Amino acid sequence: MSNKRTEISELGEFGLIDHLNSQVKIKNSSSLKGIGDDAAVIDAGDHVKVVSTDLLLEGVHFDLAYAPLPHVGFKAVAVNVSDIAAMNAIPKQITVSIALSNRFSVEAVDALYSGIHAACEHYGVDLVGGDTTASRSGLVISVTVIGEAKKEELSYRSGAKVNDILCVTGDLGAALVGLQILEREKQVFLSNPDMKPELEKYTIVTGRQLKADARMDIIHELRELGVVPTSMMDISDGLASEIFHICKASGVGATIYEDKLPIDKQTFDTAVELNLDPITCVLNGGEDYELLFTIDQKDFAKLEKHPDIHFIGHITKAEEGKYLVTKSGTAVQIKAQGWKHF
Ligand code: ADP
Ligand code: MG
């Protein structure tokens with residue numbers, strides 16, 4: 001060990017994960033995919049298991065000043081299920097680990113678990129274990145989810161091919177804009193507790209922040225239509241960042257079109273009100289938990305009429321780079337911002 005000290009911020013979150021991954025050597029032939037996708041893939045004989053885990057910290061990922069405990073519980077499950085959806089697999093079991101400070105009562109834990117149970121019903125998963133421990137400050141929730149698929153059903157980040165069509169579900173940017181509204185109203189309340197927060201106008205965007213939902217509905221529909229995306233991931237860090245991940249893993253480039261990007265009217269209007277550029281919110285907003293995927297052109301006709309799947313661009317050769325074509329027709333290079341945790 002030398003005395004050298006490297007700041008984590010020098011590597012960033014993804015650089016740190018690459019650094020950790022470089023120290024891992026897989027020993028078991030059943031470990032089909034390790035670090036680097038939305039979930040790990042484990043051989044289980046006639047099918048594969050997919051496993052993903054996420055850690056949520058009070059004050060970092062949620063703020064109990066405006067996030068009700070049942071919503072926090074639901075979201076903790078939903079963000080994990082979203083990573084299973086991103087593999088084109090079906091979630092089956094979860095484990096839930098919690099760390100609690102003495103600020104929390106049994107009633108508070110019940111409120112948290114009411115959301116966890118509601119999510120288990122909604123996604124058809126069983127809660128099969130976990131761990132409980134004390135925390136010095138605040139609430140920590142870690143959920144692990146296990147899903148199943150047939151090997152040939154899986155969609156990795158690495159399968160996008162030149163000329164594939166880039167698709168996104170739903171609309172983007174709402175969760176980020178919703179967070180800005182919740183933060184603004186919290187500050188107003190803190191400076192004057194008699195003021196009633198003005199939230200009625202913003203229910204769509206605040207709902208998208210507080211009530212995350214994984215797009216399992218889309219996964220079931222893709223199966224019914226007989227479409228296996230050539231690559232897929234969920235949009236947790238922002239569209240631009242996720243396009244970078246797919247392009248890097250697949251060794252390709254991408255062109256997307258501003259006029260094809262899906263944004264809800266309330267997201268657009270609220271972004272403008274907050275002096276934010278709506279397209280920047282779509283490209284860099286996190287926590288939407290929509291799906292980004294690519295399909296072979298032969299599958300386009302099967303999805304063409306789907307009301308909630310948007311065709312935002314196509315895959316190009318790596319050397320052609322990653323571009324956004326604006327409404328005026330200029331191509332600008334996409335920058336991956338993502339969330340900066342460090
Ligand atoms: P997602 O946003 O889809 O949850 P992440 O960006 O958190 O994915 O993680 C990307 C990959 O890195 C995943 O394969 C994940 O399992 C892995 N990973 C993240 N943190 C660690 C860690 N501390 N140790 C080992 N693997 C990690
Ligand atoms: Mg993911």
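Biologist: Which residues does the UniProt annotation "binding site" cover?
Modeller: Asp 38, Asp 83 and Asp 234, according to the unreviewed UniProt entry. UniProt positions are in the numbering used here, feature names are shortened, and annotations may be inferred rather than shown by experiment. They span 197 residues in sequence, yet no two of their C-alpha atoms are more than 7.6 Å apart, so they gather at one spot.
Modeller: Keep in mind that this is a predicted model: local features need pLDDT of at least 70, side-chain atom pairs count only at pLDDT 80 or more, and totals for chains, interfaces and linings use all residues. Residues are numbered from 1 along each chain as its sequence is written, chains are lettered from A and ligands numbered from 1 in the order in which they are written, and side-chain values use heavy atoms, leaving out hydrogens and water.
Biologist: OK. Where does Asp 83 lie, and is Asp 83 buried or exposed?
Modeller: Asp 83 lies in helix α2, residues 69–85 (helices are DSSP runs of H or I with at least four residues, strands are runs of E with at least two, numbered from the N terminus). Asp 83 is buried, with a relative accessible area of 10% (buried is under 20%, exposed over 50%, partly exposed in between, using a 1.4 Å probe and protein chains only).
Biologist: What does Asp 83 touch?
Modeller: Leaving aside residues up to four places away in sequence, Asp 83 touches Asp 38, Ala 39, Ser 52, Asp 54 and Asp 234 (contact means heavy atoms within 4.5 Å).
Biologist: And Asp 234, where is that found?
Modeller: In strand β8, residues 231–235. Asp 234 is buried too, with a relative accessible area of 2%.
Biologist: Which side chain makes a polar contact with the side chain of Asp 234?
Modeller: That of Ser 82, at 2.7 Å (a polar contact is a pair of N or O atoms within 3.5 Å; within protein, one must be able to donate a hydrogen and the other to accept it, and residues adjacent in sequence count only if both atoms are side-chain atoms). Not counting residues up to four places away in sequence, Asp 234 also touches others, including Val 79, Glu 242 and Tyr 289.
Biologist: UniProt has the feature "binding site" at Asp 237 as well; where is Asp 237 found?
Modeller: Asp 237, again from the unreviewed entry, is in the loop between β8 and α7 (239–250). At 13% relative accessibility, Asp 237 counts as buried.
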